[in-house]
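Welcome! Take a look at it first, and then read on.

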Amino acid sequence: MKKNIFKIGFSTALSGVEQKHGEANVEAVKIAFDEFKNSEHNFELDLIIDDDGADTHKSIEVANKFSADASIIGIIGPNGSNAAKSAAPIYNDAKLAQVTFTASLVELTEKGYKTFFRIIPNDDIHAKLFIQFIEKYLQAKEILFINDDTEFAIGLNQYMAKYARVSGIRVVGMLEIREGADLTKQIASVKKANPSHIFFSGMEPICHQVAVDLREEGLKSIYLGTDAIKPSKFLATPGYGNIEGPFQSNVCADLYRNKGVEQFAQKYKERFGEIYSVYTAEAYVAAKLMIQAAKECFPHITRENVLKKIKAIRMDSIIGNISFQENGEPNESRMGFYKFVNQDELEFVGFSTDLF
C-alpha cells in the first residue's frame with residue numbers, strides 16, 4: 001500500500017553572507033529527516049529546501065512558493081530576522097506553522113502571528129543577559145555601541161543601551177555603520193571617545209573591518225559582541241598588543257562544549273567531515289520538532305493539526321526542553337559567554353544561568 005506523502009519546507013541561506021551557516025544547517029536538518037526515514041512510520045515526509053539568502057525579497061518568494069504547495073504542512077526557517085520578518089505574515093495567512101532557529105527580532109512575536117515559533121532567545125532577553133554579564137562579570141562602567149544597518153543589529157543595540165542605562169553603565173555613544181561607506185568620521189569619533197568597552201552588533205565582514213580599523217588607530221578598548229563560536233573569529237584582532245578579549249555571547253548550542261549534543265556532533269562529523277557549530281543543533285531540533293508534530297497528527301496530518309501540535313508540544317531535545325509560550329516564544333532561554341585568549345583561542349566562560 002502506497003504511503004501518503006507530506007512535505008516540510010526549509011527556507012535558509014544558500015547564498016549571500018550567511019551561506020556557510022545555511023549550508024551547515026541543511027546538513028543538520030538532513031540528519032533529522034534521515035533518522036525519520038530509518039524509523040518505523042506510516043507516512044512519507046519529504047524535505048523541500050529553498051534559498052532565501054537571508055534576504056527580505058528572496059524570503060518572500062520562497063514563502064509564497066511554499067504556501068502555494070498544499071502538500072507542505074510546516075516550515076523550518078527562514079534564516080535570520082530580516083528574512084523571517086518578511087515571510088512571517090505570508091505563513092500566517094497560509095496557516096503554516098513556522099519554526100525558526102535563528103530569528104531573534106522581538107517584534108516577530110508582538111505582531112500577533114498564530115504560526116510563528118522560535119527556539120532561541122529574542123533580542124530583548126539577549127540584551128538583558130549580556131548587560132548583566134557586562135555589569136556583574138566584567139564590571140564595566142562605560143560602553144559604546146556600534147551596529148550595522150540591519151534590523152537585528154539596530155534593535156539589539158537599542159535594547160542593550162536601554163538595559164545599560166538601567167544598570168548605571170554610561171553609554172558613551174551609538175554609531176551606525178554601513179558596508180562600503182566611508183567610515184572615516186565614525187572611526188575618528190570612536191577614537192576621540194576612547195571607551196573602555198565597545199559592543200558590536202551586525203554582520204561579520206563590516207564588524208571585522210571596523211574592529212581592525214579601530215586597532216589601527218591605536219584604540220585599546222575591549223570588544224564585545226555576539227556569535228562567539230563563528231569560525232571567522234570576526235572580533236578578534238591578533239597582532240595589536242596585549243588586549244583582553246574579545247568577549248562574545250552565543251545563543252546556540254556549542255557542539256564542542258555543550259553536554260548532551262555529543263552524539264549529534266559525532267554523527268554530524270562522520271557524515272560531513274567536520275563539526276560546524278553555528279545553529280546546527282538548533283536546525284536539527286527544529287526539524288525534529290516538525291517531524292514529531294507530524295507523527296502525533298497521523299493519520300490526520302494537515303497544516304491546521306500540525307500547528308495545534310506545535311503550540312502544545314513538550315519535547316525533550318539535545319538543547320533542552322522545548323515548549324512555547326502563547327506568543328511563540330520559548331519557555332526556557334539561556335545564553336553562553338566566551339572569551340578569546342590572546343585574541344585567538346576560544347575559552348568558555350559560562351552560561352547565564354550559572355554566572356549571575
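Strand β12 (residues 320-322) gives the largest share of the lining of the second largest pocket, namely three residues. Helices (H or I, at least four residues) and strands (E, at least two) are DSSP runs, numbered from the N terminus. The model is predicted, with local features needing pLDDT of at least 70 and side-chain atom pairs pLDDT 80 or more, while totals for chains, interfaces and linings use all residues. Residues are numbered from 1 along each chain as its sequence is written, and side-chain values use heavy atoms, leaving out hydrogens and water.

**The second largest pocket**
- A pocket, on a 1 Å grid over the protein atoms alone, is an open set of points where a 1.4 Å probe fits, with protein on both sides within 12 Å along at least five of seven lines; lining residues have an atom within 4 Å of a point.
- The second largest pocket holds about 370 Å³ of space, a volume being the space filled by probe spheres set on the points, which are joined across faces, edges and corners.
- Its lining counts 25 residues, and nearest the centre are Ile 119, Ile 319, Glu 332, Ser 333 and Arg 334.
- This lining divides into 13 nonpolar, eight polar and four charged residues.
- Here Ala, Val, Leu, Ile, Met, Phe, Trp, Tyr, Cys and Pro count as nonpolar, Asp, Glu, Lys and Arg as charged, and the others, Gly among them, as polar.

**The largest pocket**
- The largest pocket has about 730 Å³ of space.
- It is lined by 41 residues, of which Glu 18, Gly 80, Thr 150, Phe 152 and Met 203 are the closest to its centre.
- Two or more lining residues come from each of α1 (19-37), α3 (81-93), α4 (123-138), α7 (204-216) and β10.
- By class, 14 of the lining residues are nonpolar, 17 polar and 10 charged.

**Thr 237**
- Thr 237 sits in the loop between β9 (222-225) and β10 (247-250).
- Thr 237 counts as buried because its relative accessibility is 2%, where buried means under 20% relative accessible area, exposed over 50% and partly exposed in between (1.4 Å probe, protein chains only).
- Leaving aside residues up to four places away in sequence, Thr 237 touches Ala 211, Val 212, Arg 215, Tyr 223 and Gln 343 (contact means heavy atoms within 4.5 Å).

**Cysteines**
- The count of disulfides (pairs of cysteine sulfur atoms within 2.5 Å) is zero.
- Cys 207 is in no disulfide, and the nearest cysteine sulfur, that of Cys 252, is 16 Å away.
- Cys 207 is buried at a relative accessible area of 0%, and Cys 252 is buried at 6%.
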